[in-house]
Amino acid sequence: MKYAILAILIGSYLVIDFIKKRRARGEDVIDINPKKRLSFNMKFIWLGLAVAVGALIVFTSFYTVDQTEFAVLTTFGKPSDSIVESGLKFKLPYPIQKVQKLSKETFSLTLGYREKGDQLQIMEAESKMITGDENIVLADLEVQWKIVDPISFIYNTSDPETILYNATSSSLRTVIGSSTVDDALTDGRTKIINDIRENLVELASHYNLGISIINVNLQDVDLPTKEVDAAFKSVTDAREERITKINEANKYRNEKINQMEGEQAAILSKAEGEKISIVEKAKGDVAKFNATYSEYKNNPNITRQRLTIQTIESTFSGAKLIIVDDSGNTVRYLPIENVLQKGVE
Amino acid sequence: MKEKTSVFQNIGKTFKKIVFIYLPIILIAGIILANTFIIKPNEYGVIKEFGRIVKVIEEEGLKIKIPFIQSVSKLPKHILFYDVPATEINTFDKKRILVDYYTLWKITDPIAMLETLKTIEAAEARLSDIMYSSVRNELGKLEYGEIINPADNKRGSVDLVVQDNINNILRNNLNGIEIVDIQMKRIDLPESNEQSVYKRMISERASKAQEYLSQGDAEKTKIMANADREVAELIARTSSRAQEIIAEGEKEAAKIYNDSYSQDPDFFKLYTTLNSYRTSIDNETLIMIPIDSPYLKYLSGE
């Protein structure tokens, strides 16, 4: 349409310019001869019309398609089956053929916030939702999508972007509604993202939106108020505290066990020592016995007497000696100490 | 004068030419242009004759209608989006929640649609009405937990039931429209309920935190008690091992003694007797010797 207006403007300009030039040359446009004048004016009208139509055809027959665009060519409203390639293109002039262009770029749809340049606008109502275990969280989501089928995109639904936005809201709430608050806040996020994506892809193909979901990002999952947030943090602290306590106990255990292992080694080595000393004592005793025995074998009587006397010498020297007869009465008292001393002397 | 006449004659001729040649051409062209129209793939063209619908064009392309008698209006053929206003419902367990649905619908029979609903806006109003009576009914059979958590699939099937209900009503009323899909895009709690949910979340977390703390204490005590028991066990095992070692020594010693002493039992008797004197007799010992003891012979020098 804008080309048509442009063509008419250019046509009018050319006619006015032509008249001006004639005037400048002194050839008055309004001739004395009315017949001439009329036919002359008619000529102008035809000329203007021809120029306008010509310009319209030229301006609306050529168009360029950028590499980053899809172009859909319609002939009397009927889209051609194939998508127009990029480059300078010719088509039949306006109203017969029209071109509609769509961007190939990846679009971003956000839920829970809007990015306006550097500014971030929070939309709490959008992000507030109920989890499967009946808690409330604030979840922000970004969906990256692009148009893959421009004809479906244009003709299948009234407003694909609005539908996608609402379907995203539905998918996000469906998935969060099936998850627990702990999953949403911590380790269930990957699964949540995959589920949302799956759900959304299914809806988009069900509605035949002509778009493809490139990526789904769960930006942030937060708790609704400071108090709730603090309560959740206290659980994290308590969990840490529990681990600290277990660590302390394990430290105690390690200390005890290590100490015990030391003690164990000491007890065993003491026992080994004792064993050796018993054995060595036995060996010593036996050696002494054997030595004495070898002498005894050589001369049993002498050795027997010597040994007896030696023993009496060394043992009886301190003892008191009483000699008794068969009836048990004391016969005489012999101060054996003195006797023995004398004997030695 | 003659000139003037010819001028007027000329003007007359030109006017005649304009009136009888150019003007009809322009008029006819104008009428044709005004009565041709383009139908896009996502449009229905509805042709009326004096207000009566005579034809529905479903095929896209360049179309023409009869001038003056026929008029054309267009209706969307593609899927339409309608954001149904949010409404509060009562769940089976008497909780109030705010549900917000959107629906996708399309016109399947433009004539019926125009006859019963007339405009898109009226159709949307109609959808909103039947949708919420159906949603209220069906969701009213579910408990709060079942509505918010679609994992057990009860709500998903409710959505399908609602969709079927609505389509049945629309079909029975010959509305010429059809629901393609309904989705719950939001569920919210009334403000006062939100506050109580927050309170519950806080108290749940507090008890969870306490549980961790108690668990920590319990596990600490358990580990320490286990450690003490392990140590006691180890000590017991070690001392019994030590006893065994000593016993081994004694066994070995006994063998050594036996091997040696068994050479001559008589000498052994003498040897040990004498040795036992050495160890058992001291200064305080009082020795009584019978008068005929062989020791006395030694003592008296006999």
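1. Within chain B, the buried residues of helix H5(B) pack against helix H3 (120-139), helix H4 (144-148) and strand E9 (177-188). Helices (H or I, at least four residues) and strands (E, at least two) are DSSP runs numbered from the N terminus. The model is predicted, and local features need pLDDT of at least 70, side-chain atom pairs count only at pLDDT 80 or more, and totals for chains, interfaces and linings use all residues. Residues are numbered from 1 along each chain as its sequence is written, while chains are lettered from A and ligands numbered from 1 in the order in which they are written.

2. The buried residues of H5(B) are B:Arg155, B:Val158, B:Val162, B:Ile166 and B:Leu170. They lie on the same side of H5(B), because they cover an arc of only 110 degrees around the axis; the arc is that of the directions from the helix axis to the C-beta atoms. A residue is buried if 20 or more other C-beta atoms, placed from the backbone, lie within 10 Å of its own, exposed if 12 or fewer, and partly exposed in between. The face turned away from the buried side of H5(B) carries the exposed residues B:Asp164, B:Asn168 and B:Asn172.

3. Just after H5(B), B:Leu174 takes a positive phi of about 55 degrees.

4. In total, 92 residues of chain A are in contact with 93 residues of chain B, contact meaning that C-beta atoms, placed from the backbone, lie within 7 Å. Helix H8 (residues 226-298) of chain A gives the most to the side of chain A that touches chain B, with 40 residues. By class, that side of chain A has 44 nonpolar, 25 polar and 23 charged residues. Here Ala, Val, Leu, Ile, Met, Phe, Trp, Tyr, Cys and Pro count as nonpolar, Asp, Glu, Lys and Arg as charged, and the others, Gly among them, as polar.

5. Two residues illustrate the contacts between the chains. A:Lys275 lies in helix H8 of chain A and is buried, because 21 other C-beta atoms are within 10 Å. Not counting residues up to four places away in sequence, A:Lys275 touches B:Ile245, B:Ile246, B:Glu248 and B:Gly249. B:Arg278, in helix H7 (residues 265-280) of chain B, is exposed, with 11 other C-beta atoms within 10 Å. Leaving aside neighbours within four places in sequence, B:Arg278 is in contact with A:Thr311, A:Ser314 and A:Thr315.

Note on methods:
Contact = placed C-beta atoms within 7 Å.
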